[in-house]
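My entries follow, in the order I looked things up.

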Amino acid sequence: MQYERFEIPVFDGHNDLPWTARADNGYSVEGLDGTEPTLLHTDIPKLRHGGVAGQFWSVWVDSAIEGAAAVRATLEQIDFVHRMAARYPETFELATTAETARRAMGAGRIASMIGVEGGGQIDGSLAVLREYARLGARYMTLTWTSTSDWADSATDEARHGGLTEFGREVVAEMNRIGMLVDLAHVSVATADAALDTSTRPTLVSHSSAAALNPHPRNMPDRIIRRVADGGGVYMVTFVPSFLTAGRRDWVNAGETGPKPPVTVADAADHVEHVRNVAGIDGVGLGGDYDGTDDMPDGLGDVSGYPVLFAELARRGWTEAELRKLGTENVLRVVAASDDDYLGFTGAGASRPVEM
């Protein structure tokens, strides 16, 4: 099927290329220029074709990897992002603030930020959290699919009623050092506790709307509104089972029988719903490319963003609104914590912190 394309720059909230590179290519950065055929959702020609101007690269570790091994795997993926930028300096530029991101984008390079996908990856240590920040990480997802020692996940047994006291300390320390609190993957109780604790805008890097599909990874309108009311951004993802109940039920039933179709229109429905709940300043995009095997028709890889923008333009979105969705909203949220981040990384820890 052929789709129309509407060119708008996008700063995406979540891409799992670093882990896919680990699993499939031993962390090699070669071949991303399109000279070698791959099955990746993400390479340089696809990024350029999709109008990707900025990207949060997810550094994720499976919950089965714990302790020091999880810290090591996180550092290896941070290293991958740094090496990727060094290997393709004409394409990627590491960015740690909204200002440096805009400068990279203005020079025609893809502003590359880092997000840690899972609070378990700090191994219970605020010192590890601070080191990730010093290496360029600007957000951390409080959980992944498993409940940790200090935060309940949306897809696991709740043990803490949201956050423990240490979990609240993590959020406070993230605020202090300028790391954005990411509420993707967390339970509703954890989201509420984090929003009660955080003094800075938060984000949800890759989730969709529970009102359209009650998947546990999607947030209810009440949380979407709270994120926006706090100045944050809720970034809609394209994972098919998050978008439609038919695909969710098919996956839960073991993926037997015909696969229910999911299209760009389904993704647009979630974007429009979040906009209606959060307002135009509270919605963004976090595709989760290379983090799932399948994507909606029309959004099969990172080249597909213009197809989504064309669908939204057909529905009446203006270019100014699409630019907020694509880039401006997430950069505003990053900028809100930039002074904290620069103060921390420029002068070190400004006060002693108990271990």
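**Notebook: burial, pockets, cores**

I checked E321 first: its relative accessibility is 19%, so it counts as buried (buried is under 20% relative accessible area, exposed over 50%, partly exposed in between, with a 1.4 Å probe and protein chains only). Before going on, I noted that this is a predicted model, where local features need pLDDT of at least 70, side-chain atom pairs count only at pLDDT 80 or more, and totals for chains, interfaces and linings use all residues. Residues are numbered from 1 along each chain as its sequence is written, and side-chain values use heavy atoms, with hydrogens and water left out.

E321 sits in helix 13, residues 319-336 (helices are DSSP runs of H or I with at least four residues, strands are E runs of at least two, both numbered from the N terminus). Setting aside neighbours within four places in sequence, I found E321 in contact with R275, I280 and G316 (contact means heavy atoms within 4.5 Å).

Next I looked up I65, in the loop between strand 2 (52-60) and helix 3 (67-87). I65 has 25% relative accessibility, so I put it down as partly exposed. Beyond its neighbours within four places in sequence, I65 touches W19, R22 and A70.

Then pockets. On a 1 Å grid over the protein atoms alone, a pocket is an open set of points where a 1.4 Å probe fits, with protein on both sides within 12 Å along at least five of seven lines; lining residues have an atom within 4 Å of a point. A volume is the space filled by probe spheres set on the points, which are joined across faces, edges and corners.

The largest pocket comes to about 850 Å³. It has 37 lining residues, with D290, G291, T292, D293 and D294 closest to the centre. Helix 1 (17-25), helix 9 (240-243) and helix 10 (245-252) each give two or more residues to this lining.

The second largest pocket holds about 420 Å³. I counted 24 lining residues there, and E66, G120, Q121, S148 and D149 lie nearest its centre.

Last, the cores (sets of buried Ala, Val, Leu, Ile, Met, Phe, Trp, Tyr and Cys joined through side-chain atoms within 4.5 Å). The largest nonpolar core has 85 residues, and L142, L183 and L308 have the most contacts inside it. Helix 11 (264-278) gives the most to this core, seven residues. Another core of 19 residues lies apart from it, with A111, L180, L331 and V334 among them.
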